[in-house]
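Look at the fold before you read on. Try each exercise yourself, then check the solution.

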Amino acid sequence: MPDHVYQKIELTGSSSVGIQQAIECAVAKAGETIKNMRWFEVVETRGHIDNGKVAHWQVTIKVGYTLSS
């Protein structure tokens, strides 16, 4: 197995549905321009409350991807 060098970026995805959808939104958008994504880690989770109910989720993630040779 060859050695890899990774670069990390930080993204924040949002969703009115839930945490997983916020993460998937961020990863999908990043995938439009970033190739070789390998992993992500959740850094922060927060949300917006409206009329006493959760109205929106925001999830900040770090995405690691391999650099091309």
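Two exercises with worked solutions follow.

This is a predicted model, where local features need pLDDT of at least 70, side-chain atom pairs count only at pLDDT 80 or more, and totals for chains, interfaces and linings use all residues. Residues are numbered from 1 along each chain as its sequence is written, and side-chain values use heavy atoms, without hydrogens and water.

**Exercise 1.** Work out the order of the strands in the open sheet.

*Solution.* 
Step 1. Know the terms. Strands (E, at least two residues) and helices (H or I, at least four) are DSSP runs, numbered from the N terminus. Two strands pair if DSSP finds at least two bridges between them.
Step 2. Take the pairs. β1 and β3 are joined by 10 bridges. One of the links sets leucine 11 against isoleucine 61 in β3. β2 and β3 are joined by 12 bridges. Here tryptophan 39 has glycine 64 of β3 as a bridge partner.
Step 3. The order is β1-β3-β2, with antiparallel pairing. β1 (6-15) and β2 (37-50) each have a single partner strand, so they stand at the edges.
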